[in-house]
Amino acid sequence: MMNMKQKIRTIVRDIYKTWTLHCLYPSAYKKYTKRPVDKTKIVFLEVRMPRLTNNFLPLYRSLEERKQYHLEVCYIREGMDSHIRVMKNSLAALKEMADARYILVNDSSHLLGCLPLRKETTVIQTWHACGAFKKFGYSFADTKDGSARKDLERFPFHKNFSYVTVSSREVVWAYAEAFHMEKESEKILPIGISRTDCFFREEDRREAYNKLYKVMPASKGKKIVLYAPTFRGKVADAFSPDRLDFKKMHEALGNDTVFLCKHHFLVKKRPGLPEECREYAMDVTECMTIEELLMVSDVCISDYSSLIFEYSLFERPMVFFAYDLEAYYDARGFYYPFAEMAPGPVLKTTEEVIEYLQNLDQRFDREQVRRFRQKFMSACDGHATERLLELIERNL
């Protein structure tokens with residue numbers, strides 16, 4: 001049962017959301033729509049991050065090279081900064097979005113969901129993740145870590161999408177459910193995810209290795225094991241698991257192996273590595289992108305993160321360290337049965353992970369990963385950005 005402070009906080013939050021999403025933002029947007037639509041204007045809406053993310057960068061650069069478009073980038077920091085700053089950022093974004101021909105977004109947004117969008121504006125949701133793994137959006141409404149369905153309907157979080165781009169035809173149904181687009185599934189296009197294009201470029205892979213050797217010189221010539229878990233809990237209080245024992249792994253696997261840790265960007269306070277692990281393990285969350293890390297790692301240990309879809313493009317071993325599988329399933333749920341879907345062993349202890357890595361040559365099933373890749377990543381072939389450009393230019 002909520003105490004008085006929690007009740008007051010909930011009431012204040014509800015008043016703030018009602019005022020901004022139902023009154024302030026729609027009226028500001030309506031005021032700005034008095035200007036005619038700029039047929040060359042494309043707005044990139046970064047919902048959370050303070051920089052242009054890797055899902056947007058390839059497309060932005062391609063459009064910029066053409067020198068015929070008016071490009072704008074808006075950073076609203078929704079859920080990541082103070083309410084005052086988010087409000088100021090949102091109002092500035094509304095001014096840019098109101099006369100845009102295209103709005104590109106790669107996350108869910110209350111701001112975008114609350115707008116009475118003009119018919120001349122097309123919104124493309126280039127979702128930041130590949131495949132369909134853990135449930136999100138309407139798919140996990142009314143669950144422990146999900147939003148209440150009545151709140152999703154009152155304060156739309158997944159709305160106003162003209163098109164949604166996904167990594168394969170297989171997952172169209174899941175995104176239709178997540179975005180409540182079951183009657184508009186033809187708008188969900190399996191044309192690939194832009195940020196996967198870099199995985200097919202030799203130059204990008206070479207640069208990733210060079211960066212790794214600068215960041216961690218001790219990794220050169222060693223087997224690289226990446227540990228990249230997703231966050232636990234809700235977005236506001238996201239935390240990272242700390243159950244994998246790197247000291248035990250080093251003792252068992254020896255000096256030929258180094259470990260890289262990449263925590264989810266929503267986790268503000270990351271679990272630190274023990275001092276004695278510094279020579280063979282490193283937290284690279286701040287200094288390397290997940291794309292770079294997927295390119296350089298020989299093995300990926302994850303849990304419920306969608307990065308496994310991108311990693312399948314390399315057809316390398318994956319380990320699923322899912323010690324809290326039952327609890328995570330109760331809180332979140334999956335689109336496919338986890339154990340059947342995972343293209344690698346589902347393990348619950350450090351000892352099991354060690355045993356698998358020690359017997360990798362005999363245990364790794366490359367064909368299993370290939371089947372997984374074909375099913376969930378068939379549209380990611382190094383040309384996703386080209387197809388997205390075609391979609392934009394065809395409708396300009």
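Which residue stands opposite Val346 in E12? Keep that question in mind while you open the model, which is a predicted one, so that local features need pLDDT of at least 70 and side-chain atom pairs count only at pLDDT 80 or more, whereas totals for chains, interfaces and linings use all residues. Residues are numbered from 1 along each chain as its sequence is written, and side-chain values use heavy atoms, with hydrogens and water left out.

**First stop: the sheet with E11**

Select strand E11, residues 318-321; strands (E, at least two residues) and helices (H or I, at least four) are DSSP runs, numbered from the N terminus. The residue opposite Val346 in E12 is Phe320, and E11 pairs with E12 in the parallel sense over 2 bridges, where two strands pair if DSSP finds at least two bridges between them.

Now widen the selection to the open sheet of 6 strands, whose order is E9-E8-E7-E10-E11-E12 with parallel pairing. At its edges stand strand E9 (281-283) and strand E12 (346-347), and because each has a single partner strand, one side of each is left without a neighbour in the sheet. Elsewhere in this sheet, strand E7 (residues 223-227) runs parallel to strand E8 (residues 257-261), with 5 bridges between them, and Lys223 has Thr257 in E8 as its bridge partner.

**Second stop: another open sheet**

Select the strands in the order E2-E1-E3-E4-E5-E6, and you will have a further open sheet of 6 strands with parallel pairing. Strand E2 (70-75) and strand E6 (188-189) are at the edges, and since each has a single partner strand, one side of each lacks a neighbour in the sheet. Then pick strand E3 (residues 100-105) and strand E4 (residues 122-125), which pair in the parallel sense over 4 bridges, and find Ile103 opposite Val123 in E4.

Go to helix H1 (residues 4-32) and select Thr20, which is buried, with a relative accessible area of 2%. What does the side chain of Thr20 reach at 2.9 Å? It is the backbone oxygen of Tyr16. Not counting residues up to four places away in sequence, Thr20 touches Tyr25, Pro26 and Met87, where contact means heavy atoms within 4.5 Å.

On a 1 Å grid over the protein atoms alone, a cavity is a set of points where a 1.4 Å probe fits but cannot get out, and a pocket is an open set with protein on both sides within 12 Å along at least five of seven lines; lining residues have an atom within 4 Å of a point.

The second largest pocket has a volume of about 570 Å³, a volume being the space filled by probe spheres set on the points, which are joined across faces, edges and corners. Of the 22 residues that line this pocket, select Pro58, Arg61, Cys198, Arg201 and Asp204, the closest to its centre.

Notes
Buried < 20%, exposed > 50% of the residue type's maximum accessible area, 1.4 Å probe, protein only. Polar contact = N/O pair within 3.5 Å; in protein donor to acceptor, adjacent residues only side chain to side chain.
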